[in-house]
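Here is a briefing on a structure. Read the points below with the model open beside you.

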Amino acid sequence: QQQVKQSPQSLIVQKGGISIINCAYENTAFDYFPWYQQFPGKGPALLIAIRPDVSEKKEGRFTISFNKSAKQFSLHIMDSQPGDSATYFCAASSRGSGNTGKLIFGQGTTLQVKP
Amino acid sequence: DSGVTQTPKHLITATGQRVTLRCSPRSGDLSVYWYQQSLDQGLQFLIQYYNGEERAKGNILERFSAQQFPDLHSELNLSSLELGDSALYFCASSPQGWGEQFFGPGTRLTVL
């Protein structure tokens, strides 16, 4: 129930295209859903995050779509660029009664944007 | 740059040894998290501290321990190291005990 399932495992997109990565969760207590971007040899960098009281959040070319009833959320990268080539992780956390925000991560998606 | 610092960047050691990984959170952040990243297990939560106190524990082995000091930096101690402990270890910090977390650059541990 603590798992977050992420798909696809890898993705190849042409420059200018839309990259879409999906995640699904089971634990309805999750109340914070971030996406992280990781380049080789670097730490994960917070990209964008959403809480379950909204269905969509957009920051620049990055959009999170959230479907509470389906327990799914996705990351859309518009106008994908070669510089977006990285590994993307979805995650979820539950504040819970202990005020802990430990992140449960998806398995990651390796995105390659071809020029 | 997230503002979270970790040292050392790389660590190579032998089985059975003990190492200490250090993390300095962003200025003002009270909470520190430790995560392990390996190819087969992905990113796994190990332990969380908030203002010096342990707040949550994940899949952390008994051979591993951590603490957060009064100046809020944290150390992760790994002992009786095994080959399977080779991984990237990340520290993250957040202003409170939940919400946004900012990751450091990581420590790559290689156990030979």
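A disulfide is a pair of cysteine sulfur atoms within 2.5 Å. The model is predicted. The structure holds two disulfides over all chains.

**Disulfide in chain A**
- A:Cys23 and A:Cys90 form a disulfide, with their sulfur atoms 1.9 Å apart.
- The torsion about the S-S bond of A:Cys23 and A:Cys90 is about -95°, so this disulfide is left-handed.
- The bond ties together distant parts of the chain: A:Cys23 sits in strand E3 (residues 19–25) of chain A, and A:Cys90 in strand E9 (residues 86–92) of chain A, 67 residues apart.
- A:Cys23 and A:Cys90 are both buried.

**Disulfide in chain B**
- B:Cys23 is joined to B:Cys91 by a disulfide, S to S 1.8 Å.
- The link of B:Cys23 and B:Cys91 is left-handed, with -40° about the S-S bond.
- This pair also links distant parts of its chain: B:Cys23 lies in strand E3 (residues 19–24) of chain B and B:Cys91 in strand E9 (residues 87–94) of chain B, 68 residues apart.
- Buried means under 20% relative accessible area. B:Cys23 has a relative accessible area of 1%, so B:Cys23 is buried.
- B:Cys91 counts as buried because its relative accessibility is 0%.

**Strand E4 of chain A**
- Strand E4 (residues 33–38) of chain A is mostly covered, and six of its six residues are buried.
- In a regular strand, side chains alternate between the two faces of the sheet.
- Both faces of E4(A) are covered. A:Phe33, A:Trp35 and A:Gln37 are buried on one side, and A:Pro34, A:Tyr36 and A:Gln38 on the other.
- E4(A) runs antiparallel to strand E5 (residues 45–50) of chain A, joined by five bridges.
- In that pairing, A:Gln37 stands opposite A:Ala45 in E5(A).
- E4(A) and E5(A) form a hairpin with six residues between them. A:Gly41 in the turn has a positive phi of about 80°.
- E4(A) also pairs with E9(A), in the antiparallel sense, over four bridges.
- There, A:Trp35 stands opposite A:Cys90, a member of the chain A disulfide.

**Five-stranded sheet in chain A**
- An open sheet of five strands in chain A has the order E1-E3-E8-E7-E6, with antiparallel pairing.
- Its edge strands are E1 (4–7) and E6 (56–59) of chain A, each pairing on one side only.
- On average, neighbouring strands of this sheet are turned by 15° against each other, direction ignored.
- E6(A) and strand E7 (residues 62–67) of chain A run antiparallel and are joined by four bridges.
- A:Glu59 stands opposite A:Phe62 in E7(A).

**Largest pocket**
- The largest pocket has a volume of about 960 Å³.
- It is lined by 39 residues, and the closest to its centre are A:Phe89, B:Ser38, B:Gln41, B:Gly42 and B:Leu43.
- Strands of chains A and B supply at least two lining residues each, among them E1 and E9 of chain A and E4 (31–38) and E9 of chain B.
- E5(B) gives the most to this lining, with four residues.

**B:Gly104**
- B:Gly104 is in the loop between strand E10 (102–103) and strand E11 (107–111) of chain B.
- B:Gly104 is buried because its relative accessible area is 3%, and the cut-off is under 20%.
- Leaving aside neighbours within four places in sequence, B:Gly104 is in contact with residues including A:Gly43, B:Phe90 and B:Cys91.
- B:Gly104 and B:Arg26 are 78 residues apart along the chain, with their C-alpha atoms separated by 9.3 Å.

Conventions. Residues are numbered from 1 along each chain as its sequence is written. Chains are lettered from A and ligands numbered from 1 in the order in which they are written. This is a predicted model: local features need pLDDT of at least 70, side-chain atom pairs count only at pLDDT 80 or more; totals for chains, interfaces and linings use all residues. Side-chain values use heavy atoms; hydrogens and water are left out. Buried means under 20% relative accessible area, exposed over 50%, partly exposed in between (1.4 Å probe, protein chains only). Contact means heavy atoms within 4.5 Å. Two strands pair if DSSP finds at least two bridges between them. Axes are lines fitted to C-alpha atoms, for helices over the stretch in contact, and angles run from 0 to 180 degrees between N-to-C directions. On a 1 Å grid over the protein atoms alone, a cavity is a set of points where a 1.4 Å probe fits but cannot get out, and a pocket is an open set with protein on both sides within 12 Å along at least five of seven lines; lining residues have an atom within 4 Å of a point. Grid points are joined across faces, edges and corners, and a volume is the space filled by probe spheres set on the points.
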